[in-house]
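Please look at the sequence and the structure before reading on.

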Amino acid sequence: MPATSSASDAVSPDSADRLTDADRLTGADRLTDADRLTDVQRKAIAELMRVSPVADDLGRLFARGGHELALVGGSVRDALLGRLGNDLDFATSARPDEVLKIARKWADNLWDTGIAFGTVGLMKDGHRLEITTYRFETYEPDSRKPEVVYGESLLEDLR
């Protein structure tokens, strides 16, 4: 039996005017009003699409090296709030020396100020990126400096 739709399922002319590039990229232009992205989702996709050339290139480099790379932290929060700037935070399975090796030729600038804590910073096309190895931290009661233990997975890092 063929699928049917009612008049209430159709995209209204008013909602068609509100379509964005994010809607078209995700196929939302073919959905009913009830299935459309929320404003928050639409803003997050638009923000992430803006930084995707840099994030995608970096992700491919890490994948070629056999490593995972995930956008994390404040970058995700800010994308959901529709205010993602040019600072992007990533977590990776690569150890800091491997991050340096992977990113050295690709980055416009690179710094290792936080390398003792598993973080390598870099600039690429106006974006400031911080790439941190999966890890967990322990603190001595009388110290603000963590002891860093590298992890093996994003899930382990998030615990």
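## The model and its confidence

The structure is a predicted model. Its mean pLDDT is 82, and 78% of the residues reach 70 or more. Over residues 1-15 the pLDDT is below 50. That stretch has ten contacts in the model beyond near neighbours in sequence.

## Helix α3

Helix α3 covers residues 39-64, which makes 26 residues. From its first C-alpha to its last it reaches 35 Å, close to the 38 Å expected at 1.5 Å a residue. The helix has a kink of about 60 degrees at S52.

Several residues of α3 are buried, including A44, V51, S52, V54, L58 and L61. Two other buried residues of the helix, E47 and F62, are also on that list and are described next.

E47 lies in helix α3. It counts as buried because its relative accessibility is 15%, and buried means under 20%. Which residues does E47 contact, leaving aside its neighbours within four places in sequence? They are A79, G82, R83 and L84.

F62 also has its place in helix α3. Its relative accessible area is 0%, so F62 is buried. Not counting residues up to four places away in sequence, F62 touches H67, E68, L69, T92, A94, V99, I102 and I131. The C-alpha atoms of F62 and A103 are separated by 8.7 Å, although these residues are 41 apart along the chain.

## Salt bridges

Side chains of opposite charge can pair when their charged atoms come close. How many salt bridges are counted in this model? The count comes to eight.

One of the salt bridges joins D39 and R42, with the closest N and O atoms 3.5 Å apart. Both residues are in helix α3, and because they are three residues apart there, about one helical turn separates them. D39 counts as exposed, at 54% relative accessibility, whereas R42 is buried, with a relative accessible area of 12%.

A salt bridge also joins D78 and R77, and here the closest N and O atoms are 3.0 Å apart. D78 counts as buried at 16% relative accessibility, while R77 is partly exposed, with a relative accessible area of 46%. E130 and R128 form a salt bridge too, with 3.7 Å between the closest N and O atoms. E130 is partly exposed, with a relative accessible area of 29%, and R128 also counts as partly exposed, at 36% relative accessibility. Salt bridges that share partners join R77, D78 and R83 into one network.

Strand β6 consists of residues 135-139, and strand β7 of residues 146-150. In which sense do β6 and β7 pair, and over how many bridges? The pairing is antiparallel and runs over five bridges. T138 stands opposite E147 in β7. The two strands form a hairpin, and six residues lie between them.

In a regular strand the side chains alternate between the two faces of the sheet.

## Two loop residues

Most residues other than glycine have a negative phi, and most peptide bonds are trans. D125 is not a glycine, yet it has a positive phi of about 50 degrees. Where is D125 found? It lies in the loop between β4 (119-124) and β5 (127-133). D125 counts as exposed because its relative accessibility is 54%, and exposed means over 50%.

R104 is in the loop between α5 (96-103) and β3 (109-111). Is R104 buried or exposed? At 52% relative accessibility, R104 counts as exposed. The C-alpha atoms of R104 and L122 are separated by 8.8 Å, and the two residues are 18 apart along the chain.

Conventions:
Residues numbered from 1 in each chain as written. Predicted model: local features only at pLDDT ≥ 70, side-chain atom pairs only at ≥ 80, totals over all residues. Heavy atoms only, no water. Pairing = 2+ DSSP bridges. Helix = DSSP H or I, 4+ residues; strand = E, 2+ residues; numbered from the N terminus. Expected span 1.5 Å × (residues − 1). Bend = angle between axes of the 7 residues up to and from the residue. Buried < 20%, exposed > 50% of the residue type's maximum accessible area, 1.4 Å probe, protein only. Salt bridge = Lys/Arg side-chain N within 4 Å of Asp/Glu carboxyl O. Contact = heavy atoms within 4.5 Å. pLDDT = per-residue confidence, 0-100.
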